[in-house]
Amino acid sequence: MLIQLTYASRTSSVFTLDDLASILKASQRNNARVGVTGALCLANGIFLQQLEGDRAEVNRLYHRILTDPRHREPAVLDFAEISHRRFTTWSMGSLAPLESNRHIFLKYSRSASFDPYGMGSATLQAFFSELLANGEWIV
Ligand SMILES: Cc1cc2nc3c(=O)[nH]c(=O)nc-3n(C[C@H](O)[C@H](O)[C@H](O)COP(=O)(O)O)c2cc1C
């Protein structure tokens with residue numbers, strides 16, 4: 001069964017920008033092996049990640065990610081069965097933490113700063129669709 005899990009978390013005090021590179025490297029290595037695709041955004045000290053794949057694999061991965069000391073306050077924002085994947089061409093893309101994406105963040109946030117904790121399911125889905133279509137990515 002194909003599912004999609006979307007969660008947010010906050011960077012912890014030990015998080016550095018080198019950590020982002022190492023997270024992406026581990027993600028690309030591990031996710032491809034278990035058939036998980038998705039995307040990771042980091043803005044305003046907040047991660048927003050969408051994971052898609054087999055239900056058991058996504059669960060296993062999410063529980064591993066939860067134990068990572070580089071983030072805190074994880075919250076599942078959306079969990080749903082999907083008929084097809086949104087992300088098909090990479091095992092874990094990362095949105096460039098660039099000013100150029102700010103207009104997309106603002107369009108879908110209730111406040112001037114990026115705040116996915118306050119986004120509902122429909123908004124999250126629209127947000128990721130627009131990021132995929134118009135966002136600037138680093139991987
Ligand atoms: C916000 C965040 C997202 C992460 N996403 C993934 C991921 O999608 N896939 C993955 O394998 N590891 C991810 N990690 C890293 C894992 O917590 C863990 O460090 C890694 O899977 C260990 O891989 P290794 O045993 O191959 O070194 C993420 C970590 C953080 C903080």
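# Briefing: ligand site, cores and backbone of a predicted model

Q49 is found in strand 3, residues 46-54; strands (E, at least two residues) and helices (H or I, at least four) are DSSP runs, numbered from the N terminus. The structure is a predicted model, in which local features need pLDDT of at least 70 and side-chain atom pairs count only at pLDDT 80 or more, while totals for chains, interfaces and linings use all residues. Residues are numbered from 1 along each chain as its sequence is written, and side-chain values use heavy atoms, with hydrogens and water left out.

**Q49 and its partner**

- Q49 counts as buried because its relative accessibility is 4%; buried means under 20% relative accessible area, exposed over 50%, and partly exposed in between (1.4 Å probe, protein chains only).
- The side chains of Q49 and Y7 make a polar contact at 2.4 Å. A polar contact is a pair of N or O atoms within 3.5 Å; within protein, one must be able to donate a hydrogen and the other to accept it, and residues adjacent in sequence count only if both atoms are side-chain atoms.

**Nonpolar cores**

- The largest nonpolar core has 19 residues, and L48, F105, F114, F127, F128 and L131 have the most contacts inside it. Such a core is a set of buried Ala, Val, Leu, Ile, Met, Phe, Trp, Tyr and Cys residues joined through side-chain atoms within 4.5 Å.
- At least two residues of this core come from each of strand 2 (37-43), strand 3, helix 3 (102-108) and helix 4 (121-134).
- Helix 4 gives the most to this core, namely four residues.
- Apart from this core lies another, of nine residues, including Y7, V36, L51 and Y62.
- F127 touches L48, I104, F105, Y108, F114 and M119, with residues up to four places away in sequence not counted; contact means heavy atoms within 4.5 Å.

**Ligand surroundings**

- There are 17 residues around the ligand, of which R29, N30, N31, R64 and D68 come nearest; a residue is near a molecule or strand if one of its heavy atoms lies within 4 Å of it.
- An N or O atom in the side chain of D68 is 2.6 Å from an oxygen atom of the ligand.
- For N30, an N or O atom of the side chain is 3.0 Å from an oxygen atom of the ligand.
- S27 has a polar side-chain atom 3.4 Å from a nitrogen atom of the ligand.
- On its own the ligand has 620 Å² of accessible area, and the protein covers 80% of it. Accessible areas come from the Shrake-Rupley method with a 1.4 Å probe; for residues, only the protein chains shown count as cover.

**Helix 1 and its end**

- Helix 1 (residues 17-34) has 18 residues, so at 1.5 Å a residue it should span 26 Å; this agrees with its end C-alpha atoms, which are 26 Å apart. The expected span is 1.5 Å times one less than the number of residues.
- D19, L20, I23, L24, S27, N30 and N31 are the buried residues of helix 1.
- In general, an α-helix has 3.6 residues a turn, so residues three or four places apart point the same way.
- G35 follows helix 1 and has a positive phi, near 70 degrees.

- Most residues other than glycine have a negative phi.
- N44, a residue other than glycine, has a positive phi near 60 degrees.
- N44 lies in the loop between strand 2 and strand 3, and it counts as exposed because its relative accessibility is 53%.
- E73 is not a glycine either, yet its phi is positive, about 50 degrees.
- E73 lies in strand 4 (residues 71-81) and counts as partly exposed, with 41% relative accessibility.
- Leaving out residues up to four places away in sequence, E73 touches A8, S9, R10 and Y117.
- E73 and R10 are 63 residues apart in sequence, but their C-alpha atoms are 6.1 Å apart.
- The side chain of E73 also makes a polar contact with the side chain of R72, at 2.6 Å.

- A39 lies in strand 2 and is buried, with a relative accessible area of 0%.
- The C-alpha atoms of A39 and S27 are separated by 9.9 Å, and the two residues are twelve apart along the chain.
- L40 is also found in strand 2, and it counts as buried at 3% relative accessibility.
- S12 lies in the loop between strand 1 (2-11) and helix 1 and counts as buried at 13% relative accessibility.
- Beyond its neighbours within four places in sequence, S12 is in contact with P69, R70, H71 and R72.
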